[in-house]
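Biologist: Hi! I'm new to this one, could you walk me through it?

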Amino acid sequence: LIGVFFVLAALGKTLDSGQIIAVFTFLKIPDVLHSALVMGLILFELTLGVMMIFQLGYRWVLPLSAVLLVFFIFVLGYLFFSPLAPPCGCTGSFAVSEDPRTENLLGICRNFLFLGINIYCWVKNREKRRSRRRRRTF
């Protein structure tokens, strides 16, 4: 589920990067970095999403995606509490709401949900690896 979302978010940003660029501008990131950051974010989310969908490198992909989600939660929290902030641009052209505060709040809630799912999958994956090690020792 999280992997599919990362892929869709990357595709949405590919179709419309205007919102994420508005966020970069609001955060006072220099204009010369915008294109590189958008491309980097798209490639990172796409790679992470595909790896999660096909369960490749779960041992490090799950913690890495958790760190990314926590980072996004902090950025969204800042945007939510800033009165003139633009919508987050999390999903590019697949935005749910026109209202920036609503879109940012939905992003926070969604990322907390995904973080919970991510942690659950990470714990289950660790348990599975431990049980395989125990079977090999007998």
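Biologist: What should I know before we start?

Modeller: This is a predicted model, where local features need pLDDT of at least 70 and side-chain atom pairs count only at pLDDT 80 or more, while totals for chains, interfaces and linings use all residues. Residues are numbered from 1 along each chain as its sequence is written, and side-chain values use heavy atoms, with hydrogens and water left out.

Biologist: Great. How many salt bridges does the structure hold?

Modeller: There are 2 salt bridges, and the term means a side-chain nitrogen of Lys or Arg within 4 Å of a carboxyl oxygen of Asp or Glu. One joins the side chains of Glu 45 and Lys 13, at 2.9 Å from N to O. This pair links distant parts of the chain, with Glu 45 in helix H3 and Lys 13 in helix H1, 32 residues apart. Helices are DSSP runs of H or I with at least four residues, numbered from the N terminus.

Biologist: Is Glu 45 buried or exposed?

Modeller: Glu 45 is buried, at 2% relative accessible area, and Lys 13 is buried with a value of 2%. Buried means under 20% relative accessible area, exposed means over 50%, and partly exposed is in between (1.4 Å probe, protein chains only).

Biologist: And which side chains meet at 3.6 Å?

Modeller: Those of Lys 124 and Glu 127, in a salt bridge. Lys 124 and Glu 127 are separated by about one helical turn because they sit 3 residues apart in helix H5 (residues 100-137). Lys 124 is partly exposed at 40%, and Glu 127 is partly exposed at 41%.

Biologist: Changing topic, which loop holds Lys 28?

Modeller: Lys 28 is in the loop between helix H2 (18-26) and H3. Lys 28 has a positive phi of about 65° although it is not a glycine, and it is exposed at 71%. Most residues other than glycine have a negative phi. Gln 55 also has a positive phi, of about 50°, without being a glycine. The loop between H3 and helix H4 (58-81) holds Gln 55, which is exposed at 54%.

Biologist: Nice. Which helix gives the largest share of the lining of the largest pocket?

Modeller: H4 does, with 6 residues, though H1, H2, H3, H4 and H5 each supply at least two residues of that lining.

Biologist: How about the volume of the largest pocket?

Modeller: The largest pocket has a volume of about 350 Å³. Of its 22 lining residues, the closest to the centre are Ile 20, Phe 24, Leu 41, Phe 71 and Phe 72. On a 1 Å grid over the protein atoms alone, a pocket is an open set of points where a 1.4 Å probe fits, with protein on both sides within 12 Å along at least five of seven lines; lining residues have an atom within 4 Å of a point. The volume is the space filled by probe spheres set on the points, which are joined across faces, edges and corners.
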